[in-house]
Amino acid sequence: MTSRTDAANRGSSNASVEGARLEVRDATVVLGGQRVVEGVSFTAAGGVTALIGPNGAGKSSLLRGIAGIVPLASGSVRFDGADLLGQGRRARARAVAVVEQELSSEVALSVRAAVELGRTPHRSLLATATAADDEIVASALRTVGMEGFAERPFDSLSGGERQRVHLARALAQQPRLLLLDEPTNHLDIRAQLATLGLLRRLSAEGVTAVAALHDLTLAAGYADHVVVLAGGRTVAEGDPRSVLTADLIHEVYGVSATVLQHPRSGRPLIAFDTEETA
Ligand SMILES: Nc1ncnc2c1ncn2[C@@H]1O[C@H](COP(=O)(O)OP(=O)(O)OP(=O)(O)O)[C@@H](O)[C@H]1O
C-alpha cells in the first residue's frame, strides 16, 4: 500500500491551547515473534489524533507501545521534549493516562475506589486521599455522568457504564497525554458524542489525546489529525478532510463508500454502499 502523508497538516490542531508535543518515531512492536507495528511515526502537538484501521491493524499495540505497557522493539516516544519511555512508571503515570479496551479490571472495587486509583501517581506512597483528591474524583465521576453510581460495585455495571468509569479514572489522573483504545466501545450514541466532545474540550485545555476509533464518521467529526494503520504500518495520515477519501477507505477496508460533507462543519460523512445502493 502506498503511504500518503498530509505533511502540511501534520500535528495541526484546532485546540485553543497548544498541548505538549507527542513525537512517535519509527515505533515497532513485536508480539509473539510478529512485527505487529512497524516503523510508525506521527506527531501530535495537542488536539485529538484518531488512530483508525481494520481489526488487527496494530492500533492497540501502538497505543500500548506509546504508553510503555509493551516494549518498543525499536523507535522512540518523546513527550513534552523528554523521552517518555525512559521515565519511571510513576513519573510516566503523572503525565499519561490510558483507557484500555479491557473492561473487567477493578472487579472487587466500588466505582469511587476504581476512580480513586487515578490519583495514585500523584500521592506519596502511604498517603491517604486528601479533600482535593476527593473533589477531583467526584468531578471526574460528574464529567462522565456516573456520580450516582459511586458506591456501586464495579462488577455490577453494564459495559457502557464500566467504559465511563475507566474514562473517569483516566480523568482523575489529570494527564497531559490521554491514550484511549476504542473509548466509544459499548457506549450509546449520546455517550459516544459526549466522550468525543470531552476529548475536544480537554484538548482545548492543553491535553493531547490519541484515540483508536472504528467509527470513521466520528473520527472525521472530532479528530484534528488521523493516522491510518493497516498491517502494522502507516498507510496515510493528516487532516481527516483530506485523508478520508472513498479510495482510501476502499484500499484499507476493501469496502465501497461515498464520502459526503457535513452541511455545517464540512467534515467527511461516510456513507457505506450497501447492496441496495451499490
Ligand atoms: N500477544 C500477542 N501475540 C501475538 N500476536 C499478537 C499479540 N497481541 C496482539 N497480536 C496481534 O497483533 C496484531 C495487532 O493487534 P492489535 O490488537 O494491536 O490490533 P488493533 O488494530 O487494535 O485491532 P482491533 O481493531 O481488532 O482491536 C493482530 O494481528 C493481533 O492478533
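Colleague: Which residues does Val29 touch, not counting residues up to four places away in sequence?

Modeller: Val29 touches Val36, Val37, Ser61, Leu62, Gly65, Val70, Leu72 and Ala73, with residues up to four places away in sequence left out. A contact means that two C-beta atoms, placed from the backbone, lie within 7 Å. This is a predicted model: local features need pLDDT of at least 70, side-chain atom pairs count only at pLDDT 80 or more, and totals for chains, interfaces and linings use all residues. Residues are numbered from 1 along each chain as its sequence is written.

Colleague: Where is Val29, and is it buried or exposed?

Modeller: Val29 belongs to strand 2. Strands (E, at least two residues) and helices (H or I, at least four) are DSSP runs, numbered from the N terminus. A residue is buried if 20 or more other C-beta atoms, placed from the backbone, lie within 10 Å of its own; 12 or fewer make it exposed, and in between it is partly exposed. Val29 counts as buried because it has 25 C-beta neighbours inside 10 Å.

Colleague: Which strands form the open sheet, and in what order?

Modeller: Two strands pair if DSSP finds at least two bridges between them. Here four strands make an open sheet, ordered 3-2-5-6, with antiparallel pairing. Strand 3 and strand 6 (82–83) are the edges, each pairing on one side only. Strand 6 joins strand 5 (residues 74–79) through two antiparallel bridges. There, Arg78 stands opposite Asp83.

Colleague: What packs on that sheet?

Modeller: Helix 1 does, touching strand 2 (21–31), strand 3 and strand 5. The direction of helix 1 makes about 115° with that of strand 2. Such angles run from 0 to 180 degrees between N-to-C directions, and axes are lines fitted to C-alpha atoms, for helices over the stretch in contact.

Colleague: Why is helix 1 called largely enclosed?

Modeller: Nine of its nine residues are buried, so the rest of the structure largely encloses helix 1. Lys59 and Arg64 are among the buried residues, as are Leu62, Leu63 and Ile66. Just after the helix, Gly68 takes a positive phi of about 85°.

Colleague: How many residues surround the ligand, and which are closest?

Modeller: To be near a molecule, a residue needs its C-beta atom, placed from the backbone, within 6 Å of it. There are 13 such residues around the ligand, and Gly32, Val36, Asn55, Ser60 and Ser61 are the closest. Strand 3 (34–45) and helix 1 (59–67) each supply at least two residues of this shell. Helix 1 gives the largest share, three residues.

Colleague: How do the shell residues divide by type?

Modeller: Ala, Val, Leu, Ile, Met, Phe, Trp, Tyr, Cys and Pro count as nonpolar; Asp, Glu, Lys and Arg as charged; the others, Gly among them, as polar. The shell has four nonpolar, eight polar and one charged.

Colleague: How do I read the faces of a strand?

Modeller: In a regular strand, side chains alternate between the two sheet faces. In strand 8 (residues 177–181), Leu177, Leu179 and Asp181 lie on one side, and Leu178 and Leu180 on the other. Both faces are covered, and these residues are all buried. Strand 8 runs parallel to strand 7 (residues 96–99), joined by four bridges. Five bridges join strand 8 to strand 9 (residues 208–212), also in parallel.

Colleague: Which members of the largest nonpolar core touch the most other members?

Modeller: Nonpolar side chains tend to be buried together in soluble globular proteins. A core is a set of buried Ala, Val, Leu, Ile, Met, Phe, Trp, Tyr and Cys residues joined through C-beta atoms within 7 Å. Among the 73 residues of the largest one, Ala168, Leu179, Ala211 and Val228 touch the most other members. Helix 5 (residues 159–172) gives the most to this core, six residues.

Colleague: Which residues other than glycine have a positive phi?

Modeller: Asp80 is one of them, with phi of about 55°. Asp80 sits in the loop between strand 5 and strand 6. Asp80 counts as partly exposed because it has 14 C-beta neighbours inside 10 Å. Gln174 is another case, with phi near 50°. Gln174 lies in the loop between helix 5 and strand 8.
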